[in-house]
Amino acid sequence: KSLSPPVRVLAVINRTIKERIMPGRKGIQRRDFLRGSAAASLGYFVAPNLPRAWSASPNEKLNIGMIGVANRAADNLNAVASQNIVVLCDVDEGFLNKAKENFPKAETTNDWRKVVERNDIDAIVVATPDHTHAPATVAGLKSGKHVYCEKPLTHDVYEARTVTLTAQKAGKATQLGTQIHSMNNYRRVVELIESGAIGPVKEVHVWCGKSWGGGDRPKETPAVPKGLAWDLWLGPAPQRPYHSTYHPFHWRKWWDFGGGTLADMGCHYIDVVFWALKLRHPTRIEAKSDAPAHAETAAVALQVDYEFPARGELPPVKMSWYDGGLR
């Protein structure tokens, strides 16, 4: 319980090696294990703050390429700092230079495609704005690398299905960055619901106070800051002039790059509901907002109602999501 979520994952893999996969054998290399199908079946990417016993030899470490190095990506980078950081990638030279100070031996690039084409790395960590998650993840898997990708996994449903199929074919270790899933409070909630402590659940309300939405496209067209590869930041999104409302932080409210508050926080807050109630695909979804829809940005405040069918003995469920101050 005192271990961080990534270290718990490592402990599971370590125990599996000793007790089930290679009983009675000693000296198995963790990198060899990760390259095998057993790691893929576990569905875990080993990221992190490794116990000292795992750091005895450089051969025991993963060679990692970081795609994104600032803000949330900086936390990811710190989590894998005990591994061999081979290459750092970011479209912003300022962010890249700052990360390089802590990893002076790492090479640098502003183009993630140059990371996935390398043959000297085992895994990549994708921590970019949402619209480049799927391109980098799919390319990484197709190039034979294990992939850890920050949430949300993709920018839309089609991309999510594409990533899922690609991961199945690649047979590599993958993990989605929803760290709260490993924390004790979520597990306790699941235990309580599954035990029947409050009886059959037919209705659920989930809310988040954040508001990523609203606003018109800026009319100003300031110069692209020195050191920022704006075309690479746009990636697969339609061309538009640079503005600070997009980079480095407020891109989440723009449909071309993010998906509003629901795409940002929904996977965290709704996760425990899906887990505890064994939910899968809804049969009906209705979204509504007090304000008129904007063509380019998410709603300031949103309510989404989902209807799920019965699952065996579990009754149908209606789940409502609220953000932007709605309750």
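Me: Is the crossing of H7 and H8 left-handed or right-handed?

Reply: A crossing counts as left-handed if the near helix is turned anticlockwise from the far one by less than a right angle, and right-handed if clockwise. The crossing of H7 and H8 is left-handed. This is a predicted model: local features need pLDDT of at least 70 and side-chain atom pairs count only at pLDDT 80 or more, while totals for chains, interfaces and linings use all residues. Residues are numbered from 1 along each chain as its sequence is written, and side-chain values use heavy atoms, with hydrogens and water left out.

Me: How many helices and strands does the protein chain have?

Reply: Helices (H or I, at least four residues) and strands (E, at least two) are DSSP runs, numbered from the N terminus. The protein chain has twelve helices and ten strands.

Me: At what angle do the axes of H7 and H8 cross?

Reply: Axes are lines fitted to C-alpha atoms, for helices over the stretch in contact, and angles between N-to-C directions run from 0 to 180 degrees. For H7 (residues 133–142) and H8 the crossing is at roughly 15 degrees, and the axes come within 9 Å. The two helices are therefore roughly parallel to each other; the cut-offs are under 35 degrees for roughly parallel, over 145 for roughly antiparallel, 65 to 115 for roughly perpendicular, and oblique for the rest.

Me: Which residues of H7 and H8 make the contact?

Reply: Contact means heavy atoms within 4.5 Å. On H7 the contact residues are Ala-134, Thr-137, Val-138, Leu-141 and Lys-142; on H8 they are Glu-159, Thr-162, Val-163, Thr-166, Ala-167 and Ala-170. An α-helix has 3.6 residues a turn, so residues three or four places apart point the same way.

Me: In what order do the six strands of the open sheet stand?

Reply: Strands of a sheet pair through backbone hydrogen bonds, either parallel or antiparallel. Two strands are taken as paired if DSSP finds at least two bridges between them. Here the order is E3-E2-E1-E4-E5-E6, with parallel pairing. Strand E3 (107–109) and E6 each have a single partner strand and stand at the edges, so one side of each is left without a neighbour in the sheet. Ignoring direction, neighbouring strands are turned by 20 degrees against each other on average.

Me: What is the bridge partner of Val-125 in E5?

Reply: The partner of Val-125 is Tyr-148, and Tyr-148 in turn stands opposite Gln-175 in E6. Four bridges join E1 to E4, four join E4 to E5, and four join E5 to E6.

Me: Which way do the residues of E4 point?

Reply: In a regular strand the side chains alternate between the two faces of the sheet. In E4 (residues 123–126), Ala-123 and Val-125 point one way, Ile-124 and Val-126 the other, and all are buried. Buried means under 20% relative accessible area, exposed over 50%, and partly exposed in between (1.4 Å probe, protein chains only). Of the 327 residues of the protein chain, 46% count as buried.

Me: How many residues does the largest nonpolar core have?

Reply: A nonpolar core is a set of buried Ala, Val, Leu, Ile, Met, Phe, Trp, Tyr and Cys residues joined through side-chain atoms within 4.5 Å. The largest has 20 residues, and those with the most contacts inside it are Val-204, Val-206, Val-273, Leu-277, Met-319 and Trp-321. H9, E7, H12, strand E9 (303–308) and E10 each supply at least two of its residues; H12 gives the most, with four. Another core, of 15 residues, lies apart from it and includes Ile-67, Val-126, Ala-136 and Ala-167.

Me: Against which elements do the buried residues of H11 pack?

Reply: They pack against strand E6 (174–177), helix H9 (184–194), strand E7 (203–208), H12 and strand E10 (317–323). Thr-261, Met-265 and Gly-266 are among the buried residues of H11. Trp-321 is in contact with residues including Thr-261, Met-265 and Gly-266.

Me: Where is the cis peptide bond from Lys-151 placed?

Reply: The bond runs from Lys-151 to Pro-152, with omega near -15 degrees. Pro-152 is in the loop between strand E5 (146–150) and helix H8 (157–170). Another cis bond joins His-247 and Pro-248, with omega about 15 degrees; Pro-248 lies in the loop between helix H10 (230–234) and helix H11 (260–269).

Me: What is the phi of Asn-71?

Reply: Phi of Asn-71 is near 55 degrees, a positive value in a residue other than glycine. Asn-71 is in the loop between strand E1 (63–67) and helix H4 (72–79), and is partly exposed, at 44% relative accessible area.
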